[in-house]
Amino acid sequence: MRDLRLAVAMVRAVVGDKAGNLERIRHWAAQAAARGAELVLFPEACLTGYTVRETMAPWAEPVPGPLIQEVTAVAGDLGLVIAAGLVERSDDQGLYLTQALVGPEGLLGSYRKTHLGPTEKTLFSAGEALGLFDCLGSRFGLELCYEGHFPEMSLALAWRGAEIILVPHASPREEPDQKLDRWLKYLPARAYDNTVFLAACNLVGDNGGGLSFSGAALIIGPKGDVLAQASGLEEGLITAELKASDLAAVKEGRMGFFLPQRRPDLYDL
């Protein structure tokens, strides 16, 4: 990888209010660009809104589609890459929780959530492939919300070369500080064990459909150290410089780079 300035946003998303959601993306992407960020991470389903209390079919869109075109225009105006989530409608009318990576030239790639939460399984289909993308001189891995609880997934992404893992959330309930405290129990371990940078963010506020979200945003270094964090009930943005030398220092050390020392022949899982 190369040095990269990353921004992570916690924003409100109202179910079905795609125009309003997009305006919030535009506003916070502009804030990220003003702080020198090259990529800004937004929460899961931030473009369409998120609910598990009713079907999202009326607001789902294909990828690529009109929403992705709008995000491409924002990325082009600001000269950065945007990672934003939506409910995707596939050709067979299946619904997926999808995170799209969009640059000024258009869609760079998309990832469909593979590990659905128990409340999501009756409403959404599961993706069948891991999300790995090369851009900005780095390799990114994607996990959505609930998927951060599966250590094997982070390992698989790192084993395939991910240097930065992005974990956007649509996680309701809890107070903001409680959510951030819970993330700090396990997300630093995903970064530390796999020698990756990791960034996470959540929706914030009332979604207009009966769910309320507490904001949280977190950027972690490859030794599990917190580079930036925030929590609260209002929208916000954090940034951090991800330094290639920090990653290289761990990988070049004798003791701290664990992946090459694995013994998968012993793991009967």
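**Briefing: strands, loops and buried residues in a predicted model**

Strand 4 (residues 95-103) and strand 5 (residues 106-112) pair in the antiparallel sense, with 6 bridges between them, where two strands are said to pair if DSSP finds at least two bridges between them. Helices (H or I, at least four residues) and strands (E, at least two) are DSSP runs that are numbered from the N terminus. This is a predicted model, in which local features need pLDDT of at least 70 and side-chain atom pairs count only at pLDDT 80 or more, while totals for chains, interfaces and linings use all residues. Residues are numbered from 1 along each chain as its sequence is written, and side-chain values use heavy atoms, with hydrogens and water left out.

**The chain as a whole**

- The protein chain has 5 helices and 14 strands in its secondary structure, and its C-alpha trace spans about 55 × 45 × 35 Å along the principal axes.
- For 269 residues a compact globule would have a radius of gyration near 18 Å, and the 17 Å of the protein chain agrees with this; the radius is taken over C-alpha atoms, and the globule rule is 2.2 Å times the number of residues to the power 0.38.
- Of the 269 residues, 55% count as buried, where buried means under 20% relative accessible area, exposed means over 50%, and partly exposed lies in between (1.4 Å probe, protein chains only).
- The accessible surface of the protein chain comes to about 11,200 Å², and 50% of it belongs to carbon and sulfur atoms; such areas come from the Shrake-Rupley method with a 1.4 Å probe, and for residues only the protein chains shown count as cover.

- Leu144 lies in the loop between strand 7 (138-142) and helix 3 (151-159), and it counts as buried because its relative accessibility is 0%.
- Apart from neighbours within four places in sequence, the contacts of Leu144 include Leu97, Thr98, Gln99 and Tyr111, and also Glu44, Lys113 and Pro168.
- Cys135 has its place in strand 6 (residues 131-135) and counts as buried at 11% relative accessibility.
- When residues up to four places away in sequence are not counted, Cys135 touches Leu101, Leu108 and Phe140; Cys135 and Leu101 are 34 residues apart in sequence and 9.4 Å apart in space, C-alpha to C-alpha.

- Strand 9 and strand 12 run antiparallel and are joined by 4 bridges, with Leu198 opposite Ile220 in strand 12.
- Strand 12 also pairs in the antiparallel sense with strand 13 (residues 226-232), over 6 bridges, and here Ile219 stands opposite Ala228 in strand 13.
- The hairpin of strand 12 and strand 13 has 5 residues between the strands, and in it Gly224 takes a positive phi near 80°.

**Backbone details in the loops**

- Val63 and Pro64 are joined by a cis peptide bond, with omega at about 0°, and Pro64 lies in the loop between strand 2 (39-41) and helix 2 (66-78).
- Arg173, in the loop between strand 8 (164-169) and helix 4 (176-194), has a positive phi of about 70° although it is not a glycine, and it is exposed, with a relative accessible area of 59%.
- Thr195, in the loop between helix 4 and strand 9 (197-202), likewise is not a glycine and has a positive phi of about 50°, but Thr195 is buried, with a relative accessible area of 2%.

Key:
Contact means heavy atoms within 4.5 Å.
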